[in-house]
Each structure stands twice: as structure tokens, then as C-alpha cells.
Amino acid sequence: MGAVLKAVPGELIEAPLPSSYRSAILLLPRGLVLAELSHLSPRVAVRWAFRSGRFRELVLLVLAALIGCLSGGVVTLMSWITSQAHHLLYQLDGHMRLSEQDHLASPWLALVPLIGGLVIAGLNAVFRHTFTRPPVDPIEANALYGGRMSVGESLYVALQTMVSSGFGASVGLEAGYTQASSGLASRVATALKLRRPDVRMLVGCAAAGAIAAAFSAPITGAFYGFELIIGTYTVALVAPVLAAALAASLTAGWLGAVQTPILIGAVPPMTALELAPYLALGVLGGLAAVGVMQLVSGVERLFRVCRCPAWARPAIAGAAIGGLALISPHVLSSGHGALHVDLAAFGGWPALLMLFGLKMLASALSLGGGFRGGLFFASLYLGALLGKAYALMAAAAGLSPLLAPTVSAVVGMASIAVGVVGGPMTMSFLVLETTHDFAITGAVLVASIMSAVVVRETFGYSFSTWRLHLRGETIRSAHDVGWIRNLTVARMMRADIRTAAANQSLETFRKTFPLGSTQRVILVGDQDAYAGIVLVADAYQPGTDADAQADISSLARHRDSLLLPSMTADAAARVFRSAQSEELAVVESLHTRKVVGLLTEQHLLRRYAEELDRARRDLTGGAA
């Protein structure tokens, strides 16, 4: 017996255990008392709960919270390792952060990013046969693969991110946080053999927890999971995603992770007229975000045009970053320390714009040169520089003398980050949660909306989806479209087809296929090559008796319209529309044209509607 469950008397129903257990469990519709589950492993117990439908939401909530704790631990460990690397490599004192230095302790330290580039090149050489494809990130995994990610790839990305940031490359750790956390969550979910929507949800919970832990901002983390990783917001997802974000934030705080609050002081409520200048700041932030993304791609193209070997690119980029660090160490790493320094500094707008250009160039060199990381915090820092310079320029020109530089810096953070990272609500809540000042809500939302519209209309992608676009993918979000790609012609076609030789006579065809025996017959030539489709009714039309000895191929339709087994439902539907046919043959390849099946448009549309309805029910938590 796998387990014994005792219950108070009542109506009983039966639910089978997993196949490894040959017994059954007696369940009560309500008031079930589990007296003995000691023989069930946690993995089997979870799988039983999902398969039986009992306590499914409760189990999901507990799993999400545990995944959040895991994410908090990942963030704490990665941030601690990177911080130790900064102190060791750059000879930092006390609790000083790398990017808050006024100058490097020694000019020789400018060579550290170059050494980091060589380490990245070495890692790529060592693992080039182990990881032969670009790693699947959480957005791509949830959009195309049902949340399935490789743990090995994810941990390798996390290692590269820590090396890149630890040696001073101008990248953030947030991409590594979300990659490692989501990869581990995906492995847990697949080990438990959860359904596709549940795997996607736990991947989103892990990413939400990683961002919440990094910034001590649970609401921000939750919206990051909704907007960027899961791709949508539904009531069924609220509890697990929020639980994961809160658990991760509390775990990271308990473990002593270094988090990033932003203090700006009291801000009075703003009138509608006072919000007007932030519309322009939002537009500038959106354009700057597009410029950052294009500059990264431009650096990559420059390396390709120069035919620079792939192994040398990180070293060259590291040398350039070291040179920029001699001008200002604020360009190093993600910029957490520099953000606080520059928010409190009293420099003029020319110095801020110069630092903005240096940081943008350093980030583009880092990512375009082969370092691993993201632009999450870098975009916040760039936005702060742009926003503060905007306020100082407006005051100098006499256009808006009451525009507070610090408030403009915070609003600028949201405007560029929305364009680069995506997710207007995510970045808006990040600013609000980290500043602890909701008086600037209106200004932040105004700038975020304008930035999102500008980027959407002029560019169309966030940085994450733009990188996928450069690899040939067409997705623009993590919304689940993988089921469409999985619904191929091979899964929908009929293999029990009726065929006839294309050179047989009409009379022979009639003897073989009497009227009413079948609706259609596929004609084949030499080596079963496709030669068209004949409707049986056409062979019995009045006036065809005079041509009884003619080849049946004269009645063939759609000789050049055919399908391939690998075609998706969408591609097949376009072929049907072009051919204006209700049925088409499926051939092995365009080279051999060997017939392997038949697909009707009616069956295609029915299967598509069924899959669409199932996806909708999964999205809404099983609601009808």
C-alpha cells in the first residue's frame, strides 16, 4: 500500500495514485483528514495533488513561496560574490561600492576589465562544445517552450554575469538573477511533471522573486513577472506571483543581501500643469532608450565588420571600458553606488551629459563586446543622469525654474528603464517602492506612458525582445505562442489516405473508386511523387464518358499547392487561403514530393480553435 488516508464518514470518491503506486486513495469532497502520508515522498504528494485536483491552488501557492525563497537565496549569493570580487580586484575600502569612487586607486586597475574580457573568452572556449546554442532566457522559454529551461545553461549565464560585473564591465546582475532563478524553478516544475501553464507560472514567480529580492520591492517584482515573464495578468496568477515576490524579498533581507533604496526627500503633490514638463522628459527618455539599444547592436556590427575574432572581442571591449574608467569610475559595473553619488551631487548639466554619454558607451561596449549581463540598472542610472540634466537645462534656460532636479532624475529613471526593459507598471512601481514617496506618482506615470509609446512607435521592441529579434525570433513578449508552433501539420494530418496512379485511365479510376466510396483521391506519379488531388465526384460529371480512356490526371486539382509536415497551423492556413482549397496533400519534402498524408481546412480550423480555447482556459486558471 502506498498510503493510508482516514476520513470522517461521508460520501467517498476515488482518485488513483501515480502509476508507481498500485493503490487508491479515498477522498471526501470536503473536510478531508489526511492521517498518514509518511509513505509518500514530497514529489509524489505534489504530483498527486495536481492530478487529483485536490488542494491544487494551495500546493501552487506553497510551491511559489518556496521558489521565491530560492530566488532570494540566489540573489544574495550572486550579489555577495560580485561584491567580494569588486573589493578584491579594485582594492575598495569598507562598504564602498565600485562605481561610487571618484577615481581609481591606481591607474593600473584600468586593466581589470581587460582581464575580465580574457576570462570571458576563456570560459567561452572551455564551454563552446557544452553549450552549442544561445541560452534560452525566461521570456523566450515562456513564449515558445512552455517555460522549459536548461539549468546548465542558466547557471552558465549566471557565472558569466558575475564574472562580467565582478571585473567591472558596465552590466547589471539582474539578468543573471532572473536567469538562474528561473532555470532552477523550471527544473523543479518539470521534475514534478506539472502542466505547461503551471511551469510557465513558476518560471514567472522565480523571476518576480529575483527582482523583488534585488530591490526589496515585492510589488515591482510581481509586475515584472506579470508584464515581462508571464506576458499577461490574470486573477489566477495574483496569489502565487505575489507570494513568490514577498518570500524572495524577505529571504534576501534576512540573508543580508545588499538592496538598493533611493531616497529623494519629501515631494509636494503636483498639479496637472506641473506635470507637463515630464511629458517631454518621457519622450526624451524613450528616444534615449532606443539609442542605447541601437548602440549595442552597432558595436556588435562594428566588431563583425572589422572581422575581429570572437575570442578577442571581450578583451578589446574591456580595454576600452578601462580607458573610460580612467575618466570616471562611475561607468563601471551596474552603477548602484554612482546613482546615489550623482543624485546628491551639485554638478552642472554639461558634466551630467558627459557622464551619460560615457555610461551609454561603456554599456554598449560591454554587451556588444561579448560580456554577459543586462541593462536593467544601467537604464535606471542613465535615466537619472538624463532627468537631472533636463531639470538643470530647463532652469538655466528659464523654461521651468521650479523643476526639482532630484525629482526629475527619478522620473528620468522610469522613462529610460521603461523603454529598455519594457513593462511600464514594473518600472513605475520600482521607482515608487524604492523612493518610498508616492507624491511623484503622476509624474512617473506620465513619463512612463510617453516613453512606452515612443519606443513602441519608433522601435517596437524592448531590449530583451530586440535581442531575440536579432537571433531571428519574432516574439515581442512572453505571451505563450509556443502552442501555435507545436500545432504542426504532422500532428493534424490524416495518414490513411487513398491514392491512385496519375497515368491510369478515367474508366479504371471509376472501377476502383465508385461514387460514394470516398470524397477525394490523391494522385501519385513515379516514386509516389505528388501529382494532384481528384474529387471522386468530378470523375462522374456528365460529359466525361467520351474521355473514359483519358488519363485521370486531367481532372487533378492543386498540383502545386501542398503542405509540409513541419508547417505550423498558421503557415498551413495561409496555404489554404492561397490555394482556395478545402483539402491539401502533405508531402515528405519539396524535393521528393512523396505523399505522407492529407489535411482538410475544416479539421485545421477545428484543431486551432480547440488549442486556442485550451490556452485561454489555462490562462484564466481553468475558467470556462
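**Helix packing and aromatic pairs**

In the predicted model, Val 151, Ser 154, Leu 155, Val 157, Ala 158 and Thr 161 of helix α5 are in contact (heavy atoms within 4.5 Å) with Gly 176, Gln 179, Ala 180, Gly 183, Leu 184 and Arg 187 of α6. By class, this contact of α5 with α6 comprises six nonpolar, five polar and one charged residues; Ala, Val, Leu, Ile, Met, Phe, Trp, Tyr, Cys and Pro count as nonpolar, Asp, Glu, Lys and Arg as charged, and the others, Gly among them, as polar. Residues are numbered from 1 along each chain as its sequence is written. Because the model is predicted, local features need pLDDT of at least 70 and side-chain atom pairs count only at pLDDT 80 or more, whereas totals for chains, interfaces and linings use all residues; side-chain values use heavy atoms, without hydrogens and water.

The axes of α5 and helix α6 (residues 174-191) come within 8 Å and cross at roughly 160° (lines fitted to C-alpha atoms, for helices over the stretch in contact, with angles from 0 to 180 degrees between N-to-C directions). The two helices are therefore roughly antiparallel (angles over 145 degrees) to each other. The crossing of α5 past α6 is left-handed, the near helix being turned anticlockwise from the far one by less than a right angle.

Helix α5 (residues 151-166) also packs with helix α3 (residues 112-126), their axes coming within 9 Å and crossing at roughly 165°. This angle makes α3 roughly antiparallel to α5. In this case the crossing is right-handed. Gly 116, Val 119, Ile 120, Leu 123 and Asn 124 of α3 make the contact with Tyr 156, Leu 159, Gln 160, Val 163 and Ser 164 of α5.

Nine aromatic pairs were found in a search of the whole structure (ring centres of Phe, Tyr and Trp, the last by its six-membered ring, within 6.5 Å). The pair of Phe 215 and Phe 377 is stacked (planes under 30 degrees apart), because the ring centres lie 6.1 Å apart with the planes at 10°. Phe 215 lies in helix α7 (residues 196-215) and Phe 377 in helix α14 (residues 376-396), 162 residues apart. Both Phe 215 and Phe 377 are buried (under 20% relative accessible area, with a 1.4 Å probe and protein chains only). Phe 223 and Phe 429 form another stacked pair, at 5.1 Å centre to centre and 15° between the planes. Phe 429 counts as buried at 19% relative accessibility. Ring pairs also join Phe 215, Tyr 224, Phe 376 and Phe 377 into a cluster.

Notes
Rings of Phe, Tyr and Trp (its six-membered ring) pair if their centres lie within 6.5 Å; planes under 30 degrees apart count as stacked, over 60 as edge-to-face and the rest as tilted. Helices (H or I, at least four residues) and strands (E, at least two) are DSSP runs, numbered from the N terminus. Buried means under 20% relative accessible area, exposed over 50%, partly exposed in between (1.4 Å probe, protein chains only). Angles under 35 degrees count as roughly parallel, over 145 as roughly antiparallel, 65 to 115 as roughly perpendicular and the rest as oblique.
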